[in-house]
Amino acid sequence: MSAAQLIYKGNKLNNQLKSTAAEKITASINRQFSDKPDIDTRSNMLSADEQVKKFSYNMREQIKHFFDPSNGMTDEQKRRYERKIRAKIEAGKELTAEEMRYVQINMPDLYPLVIRIQMQRKALEENLKHCNSKEEAQEVYEQALSNVSDKDPAAKQLIAAYNDVMKEFKESDTYAALPQKDEDLKKMNKNCDKETEHDVETEDGINKIEEFYFSEDSQVISVMDVTA
């Protein structure tokens, strides 16, 4: 998944309602309207405005509660779940969609920082995938580290994220298949070009032989002619 796709997915976390969820929310809205008298906008406009705001707030809270991953957890379970998420953030690990929803709902002040860390982590992953040598991968990794400012409030977490990405990449088959240096890649490409040229020359030679012996104008000499 690209960095752009991650941004798009993060913005849609609260908008991706399943049909069952939508039905429950709709039912809740209907119940609230049926249980309460109509708002009397003629007698008291300020009171009506306050009631609408209160109703909207309650609905937002119900939606958040419905999609909160910790919904149904005990207080102790919720504390353990949050400690796990905070530990992953500090270690620069990739958060799941569920964990991101928890941060967005229950840790809103921290959410912008966390989504930025996850986006930059994903960007480094994508850049490493396009490296042509181990040497280039190391340079891309070091460049990412050098771009982290000491004044960045997420500097520690970003560095941890970059270290984690590089560690995972070095353990991958993709990294193992890369040549050590760009010069090695050039040599490999040069050898491939030579082999290709040799194949072309050989094929041309065969074509010329076939053309000589099997053309209509040529005189084919049989084994019997040679041995006669």
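Analyst: A charge sits over a ring if NZ of Lys or CZ of Arg is within 6 Å of the ring centre and within 35 degrees of the ring normal. The model here is predicted. In it, Lys134 lies over the face of Tyr175, at 5.1 Å from the ring centre.

User: Which residues of H7 are buried?

Analyst: In general, an α-helix has 3.6 residues a turn, so residues three or four places apart point the same way. In H7, the buried residues are Lys134, Ala137, Tyr141 and Ala144. They cover an arc of only 85° around the axis, which puts them on the same side of H7. Their cover includes helix H6 (111–129), helix H8 (155–170) and helix H9 (173–176).

User: How many aromatic pairs does a search of the whole structure find?

Analyst: A pair of aromatic rings is described by the distance of the centres and the angle of the planes. The search of the whole structure finds 2 aromatic pairs. Tyr81 and Tyr102 form an edge-to-face pair, 5.2 Å centre to centre with 80° between the planes. This pair links distant parts of the chain, with Tyr81 in helix H4 (residues 75–90) and Tyr102 in helix H5 (residues 97–106), 21 residues apart. Tyr81 is buried, at a relative accessible area of 10%, and Tyr102 is buried at 0%. The ring centres of Phe169 and Tyr175 are 5.6 Å apart and their planes are at 75°, so this pair is edge-to-face.

User: Are Phe169 and Tyr175 buried or exposed?

Analyst: Phe169 and Tyr175 are both buried.

Definitions and conventions. Residues are numbered from 1 along each chain as its sequence is written. This is a predicted model: local features need pLDDT of at least 70, side-chain atom pairs count only at pLDDT 80 or more; totals for chains, interfaces and linings use all residues. Side-chain values use heavy atoms; hydrogens and water are left out. Buried means under 20% relative accessible area, exposed over 50%, partly exposed in between (1.4 Å probe, protein chains only). Helices (H or I, at least four residues) and strands (E, at least two) are DSSP runs, numbered from the N terminus. The arc is that of the directions from the helix axis to the C-beta atoms. Contact means heavy atoms within 4.5 Å. Rings of Phe, Tyr and Trp (its six-membered ring) pair if their centres lie within 6.5 Å; planes under 30 degrees apart count as stacked, over 60 as edge-to-face and the rest as tilted.
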